[in-house]
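User: Could you take a close look at the aromatic pairs here and walk me through them?

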Amino acid sequence: MTSRVVTVAVTAGGLLSAGVLTAPAQAATLPVPAITAKGGFVMNYATGKTLFQKSADVRRSTGSTTKIMTARVVLAQPHLNLDAKVTIQKAYSDYIVAKGASSAHLVVGDKLTVRQLLYAMLLPSGCDAAYALADKFGTGSSRAARVKSFIGKMNSTAKTLGLKNTHFDSFDGIGNGANYSTPRDLTKLATSAIKYINFRTVVKTKSTKQKVTTKSGGYRYMTWTNTNTLLGSYAGTIGIKTGSGTAAKYCLVFAATRNGKTVIGTVLASSSATSRASDATKMMNYSFKK
């Protein structure tokens, strides 16, 4: 009598038994989005888990996303009085003209509160407002010394936050070649800044009308509109900051919450203002599904 042998083999692909192959159902693969930006990074705000990355640790110019750190340094000041008044100096408007910089159109002699200056800096990306804050919160007997001191605070904060690929040489992103960060570092910075309720309040504001005191003691209204087009166009957007420049191209640090999940990320060196918003949208759509 001849015995019959039946071979049963378990393989990685499934169960092979008596010549029959049964494969388990495969989960659908989520396609990774293609972005025009040279660098990008997104993470889960609550857990810190990386959800998307592209050249996430390559140092690049940051443009006005630098102002996130400017705000972060201001908000971390001990005994901060957001209602303290700051007088707008001619040096701030002269700087705007000399640099061809983005402006909140602050008027020399007007008095604005620190809170108003944060709106003026973070919504229309006013470099004049950034200058005013650096001058106010730096230390020293001259304006140059105070600004240098403030930028020193920006760099020491970067070190404290563990931003190893970040350096600032300006308060607004108009640097001298040594103003750089990475998508991962900027996202970490934004994660730190957004813990401040006043930062969150400002960066999610689409537009604001503020009453400021004039040199003569009267008042005028200033209206500032946010340059972040995701506000109002991408559901759940909660900020954060745009940036652009010859070296920086088009940048955007962004955050949004959907169904209780918050994602936060950065695109650096995108090809246009439209593309940076499109890149961020693709990255967030992908990240919310992960």
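Analyst: Let's set one term first: buried means under 20% relative accessible area, exposed over 50%, and partly exposed in between, with a 1.4 Å probe and protein chains only. This is a predicted model, where local features need pLDDT of at least 70, side-chain atom pairs count only at pLDDT 80 or more, and totals for chains, interfaces and linings use all residues. Residues are numbered from 1 along each chain as its sequence is written, and side-chain values use heavy atoms, leaving out hydrogens and water.

On to the rings. Phe, Tyr and Trp rings (for Trp, the six-membered one) pair if their centres lie within 6.5 Å; planes under 30 degrees apart are stacked, over 60 edge-to-face, and the rest tilted. Searching the whole structure turns up six aromatic pairs. One of them joins Phe52 and Tyr286: the centres are 6.2 Å apart and the planes at 80 degrees, so it's edge-to-face. Phe52 belongs to strand E5 (residues 50-54) and Tyr286 to helix H8 (residues 273-289), so this pair ties together parts 234 residues apart in sequence. Helices (H or I, at least four residues) and strands (E, at least two) are DSSP runs, numbered from the N terminus. Phe52 counts as buried at 5% relative accessibility, and Tyr286 is buried too, at 11%.

Then there's Tyr92 with Tyr131: ring centres 4.9 Å apart and planes at 50 degrees, so that pair is tilted. Tyr92 sits in helix H2 (residues 90-99) and Tyr131 in helix H4 (residues 127-137), so the pair ties together parts 39 residues apart in sequence. Both tyrosines, Tyr92 and Tyr131, are buried. Ring pairs also link them with Tyr95 and Phe171 into a cluster.
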